[in-house]
Amino acid sequence: MAQPATVIDGDEIARIVDAHRALEGPLLPMLHALQEAFGYIPTQAHGPICDALNITRAELHGVITFYHDFREKPAGRHVLKICRAEACQSVGGAAVADALLAKLGLEWHDTTANGAVTIEPVYCLGMCACAPAAMVDDRVVGRVDAAKLDKLLAEMDA
């Protein structure tokens, strides 16, 4: 995962927008490239994207917020995704997630104060037989409970 840049480089934004504007359906590749470069979609990129593609800021916001993997602010050093699909919820996943959020004092998409972990919902990790499931960065973890989440958080220095 790309680490968020500390300074948003307008020239880099322009380069990314220009590199993708001639593609058929350029918006999603543009957004992916920006997130790869900066770790999120910086608001400074909204104007250049809208101008290049002749779309409104509302249309752009709709796309960014529709797709769960796009971020509007930098993520923590680790991302913990907790499955919110029915199979995981049916075996206690919702309660486990709610307890974790309460324990950390966070809402979905928030990051711990030390910047270690961002908590995000995900809708199916394909681990229904091992529900509830979670994913730490790119590693899927099955049969999560409070104790397993505590161990994962400790590993991430949360």
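Reply: First the term: a disulfide is a pair of cysteine sulfur atoms within 2.5 Å. This is a predicted model, where local features need pLDDT of at least 70 and side-chain atom pairs count only at pLDDT 80 or more, while totals for chains, interfaces and linings use all residues. Residues are numbered from 1 along each chain as its sequence is written, and side-chain values use heavy atoms, with hydrogens and water left out.

Me: ok, how many disulfides by that rule?
Reply: The count is 0 disulfides.

Me: is Cys 124 buried or exposed, or partly exposed?
Reply: Partly exposed, at 39% relative accessibility. Buried here means under 20% relative accessible area, exposed means over 50%, and partly exposed is in between, using a 1.4 Å probe and protein chains only. Cys 50 counts as buried, at 7%.

Me: switching to helices. Which residues of H1 are buried?
Reply: H1 covers residues 10-20, and its buried residues are Ile 13, Ile 16, Val 17 and His 20. They sit on the same side of H1, because they cover an arc of only 95° around the axis. The arc is that of the directions from the helix axis to the C-beta atoms. Helices are DSSP runs of H or I with at least four residues, strands are runs of E with at least two, and both are numbered from the N terminus.

Me: why would spaced residues end up pointing the same way?
Reply: An α-helix has 3.6 residues a turn, so residues three or four places apart point the same way.

Me: what's exposed on the other side of H1?
Reply: Asp 11 and Ala 19 are exposed there.

Me: and what covers the buried residues of H1?
Reply: The cover includes helix H2 (27-38) and helix H3 (46-53).

Me: what does Asp 9 do at the start of H1?
Reply: A side-chain oxygen of Asp 9 comes within 2.9 Å of the backbone nitrogen of Asp 11.

Me: new topic, aromatics. How many aromatic pairs in the whole structure?
Reply: The search finds 2 aromatic pairs. One is Phe 66 with Tyr 67, where the ring centres are 4.9 Å apart and the planes are at 90°, so this pair is edge-to-face. Tyr 67 also pairs edge-to-face with Phe 70, at 6.1 Å centre to centre and 80° between the planes. For the cut-offs, rings of Phe, Tyr and Trp (its six-membered ring) pair if their centres lie within 6.5 Å; planes under 30 degrees apart count as stacked, over 60 as edge-to-face, and the rest as tilted.

Me: which residues form the aromatic cluster?
Reply: Phe 66, Tyr 67 and Phe 70 form one cluster. Phe 66 is exposed at 58%, Tyr 67 is partly exposed at 36%, and Phe 70 is buried at 9%.

Me: how many salt bridges turn up in the whole structure?
Reply: The search gives 7 salt bridges. A salt bridge is a side-chain nitrogen of Lys or Arg within 4 Å of a carboxyl oxygen of Asp or Glu.

Me: what does Lys 81 form a salt bridge with?
Reply: Asp 69, with the closest N and O atoms 2.8 Å apart. Lys 81 is in strand E1 (residues 78-83) and Asp 69 is in the loop between helix H4 (57-66) and E1, so the pair ties together parts that are 12 residues apart in sequence. Lys 81 is buried at 13%, whereas Asp 69 is partly exposed at 47%.

Me: and which residue does Glu 155 bridge to?
Reply: Glu 155 forms a salt bridge with Arg 139, with the closest N and O atoms 3.4 Å apart. Glu 155 lies in helix H7 (residues 146-155) and Arg 139 in strand E4 (residues 139-141), so this pair ties together parts that are 16 residues apart in sequence.

Me: last one. Where does Thr 112 lie?
Reply: In the loop between helix H6 (93-104) and strand E2 (117-122). Thr 112 is buried, at 10% relative accessible area. Leaving aside neighbours within four places in sequence, Thr 112 is in contact (heavy atoms within 4.5 Å) with Leu 104, Leu 106, Val 117 and Ala 158.

Methods: Polar contact = N/O pair within 3.5 Å; in protein donor to acceptor, adjacent residues only side chain to side chain.
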